[in-house]
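Reader: Let us go through this one feature by feature. Show me how to read each.

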Amino acid sequence: MPSNPPAAVPYRAARRHTLAALAGSAVLAAAPVLAATPAWAQGERVQLDVPFVPTPEHAVAKMLEMADVGPQDTVIDLGSGDGRIAIAAVRDRNARQATGIDIDPERIAEARANARKAEVEDRVRFVQQDLFKTDISKATVLTMYLLPDVNLKLRPRILSTLAPGTRVVSHAFTMDDWDSDRYESVEGRSLYLWIVPARVAGTWRIEHPRGPITLQVQQHFQKITATARRGDAPLGVTAAALRGDRLRLVLDDGGQPMEFLGKVDGATMVALAEPGSEQGWRASRQSQQ
């Protein structure tokens, strides 16, 4: 199945989130200083752009399974509604901590009450905040059920702020030309998983026991192509793959395959100790595209 089949849920009706004035809202209760007193603090009801529609529990469970949430994870749910994803992350998947972000004070109050009922309030918190101003850098898993244009507005922050390897799961909507790494359909509901890729585009020098190798990498999100040479002699590239901060490369050295498995850390790459892969090498980026 293609990684991004058409979403099965209608554009506006299929939302559990309550995003009021996404691009320019003055309602930001979590900020320490406000330019003006927000409407909700004056007793007025926040105007929401769409009705609150929760994600079904079976879809919540599948989203967390797709992200492989576990005890090591910090989960941030954007547009958290009644809190069910954040609560399930710590209650059912034993996540270390979860945070729900929503702009509607009624949903925040409901989510906090639900966390108390589930007896997980020590590991989950809910913050009334504009999701575009939320610090997502500490998340190892990011979940959301937003709209296509909101996903696209968030995409640059996701790619630049989250560490390579961070898992991102979206209910119903895609990231346009950033193809998902996994797709699931649960009772007609489309779920998408992305693994934030390391930035590997550019020219690399691999220091190898049999001599240095120059590697040229082109990148489109997680999809990469590469060319390689040792001195003036080109080396065939039979495989090139990137998943998070892990790069796999298979070179043809005169009919002898050489498999490189490396961990990317900024402008350096080091060999991973895997059976059958090349050892004793490291790489540094000479230029970046």
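Reader: What share of the 289 residues of the protein chain counts as buried?

Author: First, the ground rules. This is a predicted model, where local features need pLDDT of at least 70, side-chain atom pairs need pLDDT 80 or more, and totals for chains, interfaces and linings use all residues. Numbering runs from 1 along each chain as its sequence is written, and side-chain values use heavy atoms, without hydrogens or water. Buried means under 20% relative accessible area, with a 1.4 Å probe and protein chains only. Here 49% of the 289 residues are buried.

Reader: Which residues of helix 1 are buried?

Author: Helices are DSSP runs of H or I, at least four residues; strands are runs of E, at least two; both are numbered from the N terminus. In helix 1 (residues 57–66), the buried ones are A59, V60, M63, L64 and M66. They lie on the same side of helix 1, because their arc around the axis is only 160 degrees, taken from the directions from the helix axis to the C-beta atoms.

Reader: What do they pack against?

Author: Their partners include helix 2 (84–91) and strand 4 (141–144). Contact means heavy atoms within 4.5 Å.

Reader: How is a pair of aromatic rings described?

Author: By the distance of the centres and the angle of the planes. Phe, Tyr and Trp rings (for Trp, the six-membered one) pair if their centres lie within 6.5 Å; under 30 degrees between planes is stacked, over 60 edge-to-face, the rest tilted. The count is 5 aromatic pairs. Y183 and Y192 make a tilted one, at 5.2 Å and 50 degrees. Both Y183 and Y192 are buried.

Methods:
Buried < 20%, exposed > 50% of the residue type's maximum accessible area, 1.4 Å probe, protein only.
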